Amino acid sequence: MITIEDFKIKHSNKVRFIGLDLGSKRIGVSICDERQSIATPFKTINKTNTNELIDQLKIIIKDNNIGGIIVGNPVNMDGSLGRSAQSVNDVASNISKSIDLPVILWDERLSTVGAFNLSSLLDVNVSKRVKTIDQNAAAFILQGAIDFLNN
């Protein structure tokens, strides 16, 4: 894994990135366009195990010309790292070892809340909001990272 600052120096402007919101039961997936300007919710994967996740990610990466993986890092509001951050770090490390692409951890504080509130503002009904919250949170995470990379 590399830092977002190192990635900013090395990354290409003509590849798409995948954003991941790693939950305990579901994984939200988002993808950005090749110009790296807009993150779009892609899908939600039901979590079984890390190997199954990696296999599914490899398919998505191959089918969508992905050049980097942005993983939401659940930092506590005070900036400390809790149990969930350690779990995400472990999964991200396994992804990094199994997939030959840069993997970056991105602070995801309030991404799920932000995604839920945004869908509320867009007048999306509650059942659909809950159903798509993971992929919307992944898009929120990825959008924050690509905005940082583009500035």
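How many aromatic pairs does a search of the whole structure find? The search turns up two. Rings of Phe, Tyr and Trp (its six-membered ring) pair if their centres lie within 6.5 Å, with planes under 30 degrees apart called stacked, over 60 edge-to-face and the rest tilted.

A quick word on what you're looking at: this is a predicted model, where local features need pLDDT of at least 70, side-chain atom pairs count only at pLDDT 80 or more, and totals for chains, interfaces and linings use all residues. Residues are numbered from 1 along each chain as its sequence is written, and side-chain values use heavy atoms, leaving out hydrogens and water.

One of the aromatic pairs is W106 with F148: the ring centres are 5.6 Å apart and the planes sit at 50°, so the pair is tilted. W106 belongs to strand β5 (residues 103-107) and F148 to helix α5 (residues 126-149), so the pair ties together parts 42 residues apart in sequence. Helices (H or I, at least four residues) and strands (E, at least two) are DSSP runs, numbered from the N terminus.

Now for charges. The whole structure has two salt bridges, each a side-chain nitrogen of Lys or Arg within 4 Å of a carboxyl oxygen of Asp or Glu.

| Salt bridge | N to O distance |
|---|---|
| D134 and R26 | 2.7 Å |
| D33 and R35 | 3.6 Å |

D134, in helix α5, and R26, in strand β2 (residues 26-32), are 108 residues apart.

How covered up are these residues? Buried means under 20% relative accessible area, exposed over 50%, and partly exposed in between (1.4 Å probe, protein chains only). W106 is buried at 17%, while F148 is partly exposed at 29%. D134 is buried at 10%, R26 is partly exposed at 35%, and R35 is exposed at 62%.
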